[in-house]
Amino acid sequence: MTGIRCGMVAILIAARFVSGADSGVSSRVTNEAGRVLVTLSNPYEELTFEPALGGRCVSFRFLDDNEQLIGKGSEAAMFLDHWSKYPWPSGLMRLPYQHEVVKDGETRIGLKQWVVVPPAGGGKGEGATSPELVGLIVRKTVWLDADHDGVQVDHEIENPTRESRGVGLYVQHNFNLRGDIAHDIWYLPSAQGVVYNIQPTEEGGKIYGTDWVLEPTAGWMGVRDHRSRRGLIFAFDYNYLQKIYTCGSTAEWFLETVPVAPGKSFKTTHVIKPVYDFEDFAHASKHIVADIRGTERGKEVEVALDVAAVSQPLSGVILEVTVTGWRSKRNLASETFRLDSLGFDKTRQTFRIPSKGVTDGVVIQATAKGPDFEERFETYYAGNDFEHERRYGFFAVKGGALAGAQADAYIRKPPRKVKHFDKP
């Protein structure tokens, strides 16, 4: 298991405020028992980082209810850097990063951290570093905005050497909603649709579902707590994605190894977005988070599409939805919704279709079009009983009922990736 646990107990010695809170964002640097910590805050969150220990986040606190995401343990943390060529732990997670607080305008603040990979301790564990990684510069900048609660992370791996290098980044966030993993359900997009990792609601209960997805079909993963209805989605670059993983308390994704020419960089960005009042997740990106739900109501099935903005409010969003029989391949219904504005709160669009034929299985496909994006996603639905079975039934979560021996089982082909490489 690659997940890790930890917390922070320290005594405040000194504090230095770097920027004021009058613009809605602020930062401060503290020295606690010899540890230099940097804290960023906006009206929604307060994040504290320890640059000397891999630039990790040791405290992630929501300000609306004082919920602390990062639990106790020797190494519990978020924003952990690794090399995808190594199993956990990668030496990056313990290297001393340099740091600088930066601002982008008056309402955006960030923490830039970087390290030059040394000959030892920058590869697998604390041992020698592979020669192709020595001398690379790893940078990450975490951004908070005053007007929304999303977090943006910009990663860059620079090659200042005279030789081409192969680099692969692996990112890990270890945290617990509501202080523990009970009542959490994880969402992982796979060739069998969005598969689940479901934590027990009581101590000693059974864990259902999937931990590894070796053939992702989209660049995101998410988690939702049944009690608080708060969830988090992580949206990253699908074009270079290799695999995703959760141990029930971690969000982890591995990028493919890519060539980086001398003097060039590989750059990637991911977004963390708190989400409220969604029953499930069917899709996420840096633009939107969405869910598609089917519910039997007598002789009809209600199809509901929930959607919210992620990084900024959107205007002129068009949602096109089609319902197609999985076996018959017939178009059963089509609807188009036009949203003049889409904010961070969930909005729901619904329509109904006759239930006849739906329990044989239908694919509900949606296309979301915005000013500068067009995204497609889908879900498979075969009635309310099937929905319950695919979450909690042994055969469903172990690959039997949903994606197993049935000749006509639902399978989604991974979308094509678009990659840009430097010449070696």
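Trainee: Which residues do ring pairs link into a cluster?
Mentor: In this predicted model, the cluster that ring pairs hold together consists of Phe175, Trp186, Phe234, Phe236 and Trp253.

Trainee: And how many aromatic pairs does the count come to?
Mentor: The count comes to 17 aromatic pairs. One of them joins Phe236 and Trp253, whose rings are stacked, with 4.2 Å from centre to centre and 15 degrees between the planes.

Trainee: OK, what about Tyr240 and Phe266, how are their rings arranged?
Mentor: Their centres are 5.2 Å apart and their planes stand at 80 degrees, so this pair is edge-to-face. Tyr240 is in the loop between β18 and β19 while Phe266 is in strand β22 (residues 265-276), so the contact ties together parts that are 26 residues apart in sequence. Both Tyr240 and Phe266 are buried.

Trainee: Switching to charges, which ring does the charged end of Lys140 sit over?
Mentor: The charged end of Lys140 sits over the ring of Tyr97, at 5.4 Å from the ring centre. There is also Lys417, which lies over the face of Tyr238, 5.3 Å from the centre of that ring.

Trainee: Now the backbone: what is the phi of Phe79?
Mentor: Phe79 is not a glycine, yet its phi is positive, at about 60 degrees. As background, most residues other than glycine have a negative phi. Phe79 is located in the loop between β5 (56-62) and β6 (80-83), and at 2% relative accessibility this residue counts as buried.

Trainee: And Arg229, what does its phi look like?
Mentor: Arg229 has a positive phi too, of about 65 degrees, and is likewise not a glycine. Its place is the loop between β17 (220-225) and β18 (230-235).

Trainee: Why does Arg229 count as partly exposed?
Mentor: Because its relative accessibility is 31%, and partly exposed covers the range between the 20% limit for buried and the 50% limit for exposed.

Technical notes
Residues numbered from 1 in each chain as written. Predicted model: local features only at pLDDT ≥ 70, side-chain atom pairs only at ≥ 80, totals over all residues. Heavy atoms only, no water. Helix = DSSP H or I, 4+ residues; strand = E, 2+ residues; numbered from the N terminus. Buried < 20%, exposed > 50% of the residue type's maximum accessible area, 1.4 Å probe, protein only. Phe/Tyr/Trp six-rings, centres within 6.5 Å; stacked < 30°, edge-to-face > 60°. Lys NZ or Arg CZ within 6 Å of the ring centre and 35° of its normal.
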